[in-house]
Amino acid sequence: MEMIRAEPLRSPSQLPGVSGLKDLDSKRVAAANNLYALTLCLICILVCRGASVSVKNHRNSYLWAIMQMWARQHPRMQQVWESLRDNKSQACMYGNKMDKWTTIKATASLYDAICKQCDGSHTHDSWKPSMGPNGPKFPKTGQSEYPVELCKEMANCLARFLVNKGAKFLHKPVPTDEIGTATVAYSWTKTTPSIVGRVLDGL
């Protein structure tokens, strides 16, 4: 499996993309850069409007360095970026079997409670690819999903944060099954204006 490897598309000295990228690689990097730029703009708009925000990616992702580099080009944007806090956690503390670090950059004090480091009480599965009956098997498959326990902790953090800001929730509890939750969430969209939707419509 040693022959399976991907060439890097970025480097610490070439954050927007290494020189010489061609064809699909060049398009992939350009599309990602556009998404990063849009994310940074939305963060600034939402923070300026008084909203709480959060952005998640791997702890060592180039995303953070790229957005920090762009934010430094504008004083107000840099102020907004530096007001956010890094909340770092290891997924194994929320039921994941991999040694995976995640950073959620968010409004200060929003997700302080999710920061957890491995306590050493368990072992981690290997990140090395293996050969299965249907071809190579990559451990990263499915790792983009949030562990359920992390989702619950984040929901509790957000609820406490909003209550402290004076928000009032519906007395009717949100159902725990997927269909019921989706139904309630859809009903909320009919009465709650979408800030992000309006921003995107104006771009």
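This is a predicted model: local features need pLDDT of at least 70, side-chain atom pairs count only at pLDDT 80 or more; totals for chains, interfaces and linings use all residues.
Colleague: How many disulfides does a search of the whole structure find?

Modeller: Zero, going by a search of the whole structure. Cys 115 is in none either: the nearest cysteine sulfur belongs to Cys 157, 8.8 Å away.

Colleague: What makes Cys 118 and Cys 115 partly exposed?

Modeller: Buried means under 20% relative accessible area and exposed means over 50%, with partly exposed in between. Cys 118 has 21%, so it counts as partly exposed. Cys 115 has 36% and therefore gets that label too.

Colleague: Back to Cys 157. Which residues of helix 4 are buried?

Modeller: Cys 157 is one of them, along with Leu 150, Met 154 and Phe 161.

Colleague: How do you know that they line one face of the helix?

Modeller: Look down the axis of helix 4: the buried residues fall within an arc of 60°, so they line one face. Strand 3 (101-107) is included in what covers them.

Colleague: And what makes the span of helix 4 agree with what it should be?

Modeller: Helix 4 has 17 residues, 148-164, and at 1.5 Å a residue these should span 24 Å. The end C-alpha atoms are 25 Å apart, which agrees. Just after helix 4 comes Gly 166, with a positive phi of about 100°.

Colleague: How far does helix 1 reach, and what was expected?

Modeller: Helix 1 has 26 residues and goes 38 Å from first C-alpha to last, close to the expected 38 Å. Just after helix 1, Gly 50 takes a positive phi of about 90°. Buried residues in helix 1 include Val 29, Tyr 36, Leu 40, Ile 43 and Cys 44.

Colleague: Which residues touch the most other members of the largest nonpolar core?

Modeller: Tyr 36, Leu 40, Ile 43, Val 55, Leu 63, Met 67 and Trp 81, out of 19 residues in that core. Helix 1 (23-48), helix 2 (62-71) and helix 3 (75-83) each bring at least two residues to this core. Another core lies apart from it, with 10 residues, among them Ile 104, Ala 106, Tyr 111 and Ile 114.

Colleague: What does Trp 81 touch?

Modeller: Leaving out residues up to four places away in sequence, Trp 81 touches Leu 40, Ile 43, Trp 64, Met 67, Gln 68, Ala 71 and Lys 105.

Colleague: Several of those sit in helix 2. Which residues of helix 2 are buried?

Modeller: Leu 63, Trp 64, Ile 66, Met 67, Trp 70 and Ala 71. Down the axis of helix 2 they fall within an arc of 165°, so they line one face of the helix. They pack against helix 1, strand 1 (54-58), helix 3 and strand 3.

Colleague: Zooming out, how many helices and strands does the protein have?

Modeller: Six helices and five strands, running α-β-α-α-β-β-β-β-α-α-α from the N terminus on. Of the 203 residues, 28% count as buried. The protein exposes about 14,000 Å², with carbon and sulfur atoms supplying 56% of that. As for contacts with a separation of 6 or more, 60% are between residues 24 or more positions apart.

Notes:
Residues are numbered from 1 along each chain as its sequence is written. Side-chain values use heavy atoms; hydrogens and water are left out. Helices (H or I, at least four residues) and strands (E, at least two) are DSSP runs, numbered from the N terminus. The expected span of a helix is 1.5 Å times one less than its number of residues. Buried means under 20% relative accessible area, exposed over 50%, partly exposed in between (1.4 Å probe, protein chains only). The arc is that of the directions from the helix axis to the C-beta atoms. Contact means heavy atoms within 4.5 Å. A disulfide is a pair of cysteine sulfur atoms within 2.5 Å. Accessible areas come from the Shrake-Rupley method with a 1.4 Å probe; for residues, only the protein chains shown count as cover. A nonpolar core is a set of buried Ala, Val, Leu, Ile, Met, Phe, Trp, Tyr and Cys residues joined through side-chain atoms within 4.5 Å.
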